[in-house]
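Open the model in your viewer and keep the selection tool at hand. The stops below cover a helix pair, a pocket and a cavity.

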Amino acid sequence: MRVIIAILTAGLMLMAFAACDSKKEDTAKEDTVKEDTVMKAVYEDITSDESYISWKEMYPNATIEEKLDGDYIIYTTQDKEDYNGYTFFNYIKRAVADYYGMSSMLMRGYVAGLDAQNEYMTEDMENGVYKLYAKEWDMKGLDTMYVDEKAMDGQKELFDMSHNIFVDHGKVYVKAYGTADDFAMVVAEYGENTELTYKSIMAAGNIIL
């Protein structure tokens, strides 16, 4: 068996996350924006993003309105069967993260370490409703989260045919690819490698091997 395990350190600064909120609906044409400094910046970030503009151009018959309101950033698709909402919500998360100098990957990892129903972010794909908490994130419990057995739930063992595994939890993410006889596993932790890196390696290895 040839095994490669790479341990990476991502030297990223974690910053306080504070915001006002907005609501985004897939309904009409682009409309006015409240003169709130934070949310105006988020709005302008999204609507000037070339990849977002290109994404909208892929759906010429669709009408999209970006507007701000309320205590959360909420995106609701007009049709609950339209799973493009997940793509759109990623633009929102990235724009908020950009404004506060925070990694959107860290946001995702933190939420992944929480219960499905939490105060920070929910993605209800069945009903097409996506909510992002836009006040300060205290990131409580972040330093104890890692890719444990629960995080690996649903992942398959590596076998004769090659396939990929990607899981993130808190500050740690694990990627493995290959077969049971020849695979590589990459483990990365924000800031610096700690015991969480080691515990993630052990937990992931127990599942995929």
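At what angle do helix 2 and helix 3 pack, and how far apart are their axes? Before selecting, note that this is a predicted model in which local features need pLDDT of at least 70, side-chain atom pairs count only at pLDDT 80 or more, and totals for chains, interfaces and linings use all residues. Residues are numbered from 1 along each chain as its sequence is written, and side-chain values use heavy atoms, leaving out hydrogens and water.

**Stop 1: the helix pair**

Select residues 50–57 (helix 2) and 84–100 (helix 3): they pack at about 160°, with axes 11 Å apart. Helices here are DSSP runs of H or I, at least four residues, and strands are runs of E, at least two, numbered from the N terminus. Axes are lines fitted to C-alpha atoms over the stretch in contact, and angles run from 0 to 180 degrees between N-to-C directions. Helix 2 is therefore roughly antiparallel to helix 3 (an angle over 145 degrees).

Now show side chains. Ser-51, Tyr-52 and Trp-55 of helix 2 meet Asn-84, Thr-87, Phe-88 and Tyr-91 of helix 3, contact being heavy atoms within 4.5 Å. These residues comprise four nonpolar, three polar and no charged (Ala, Val, Leu, Ile, Met, Phe, Trp, Tyr, Cys and Pro are nonpolar; Asp, Glu, Lys and Arg are charged; the others, Gly among them, are polar).

**Stop 2: the largest pocket**

Next select Arg-108, Val-111, Ala-112, Met-121 and Glu-123, which lie nearest the centre of the largest pocket among its 13 lining residues. Helix 3, helix 4 (104–112) and strand 5 (121–124) each give two or more residues to this lining. By class, the pocket lining has six nonpolar, two polar and five charged residues.

A pocket is an open set of points on a 1 Å grid over the protein atoms alone, with protein on both sides within 12 Å along at least five of seven lines; a cavity is a set where a 1.4 Å probe fits but cannot get out, and lining residues have an atom within 4 Å of a point.

**Stop 3: the cavity**

Finally, select Met-105, Arg-108, Gly-109, Asp-168, Gly-170, Lys-171, Val-172, Tyr-173 and Tyr-190, which line the largest cavity. Helix 4 supplies the largest share, three residues.

Technical notes. Parallel < 35°, antiparallel > 145°, perpendicular 65-115°, else oblique.
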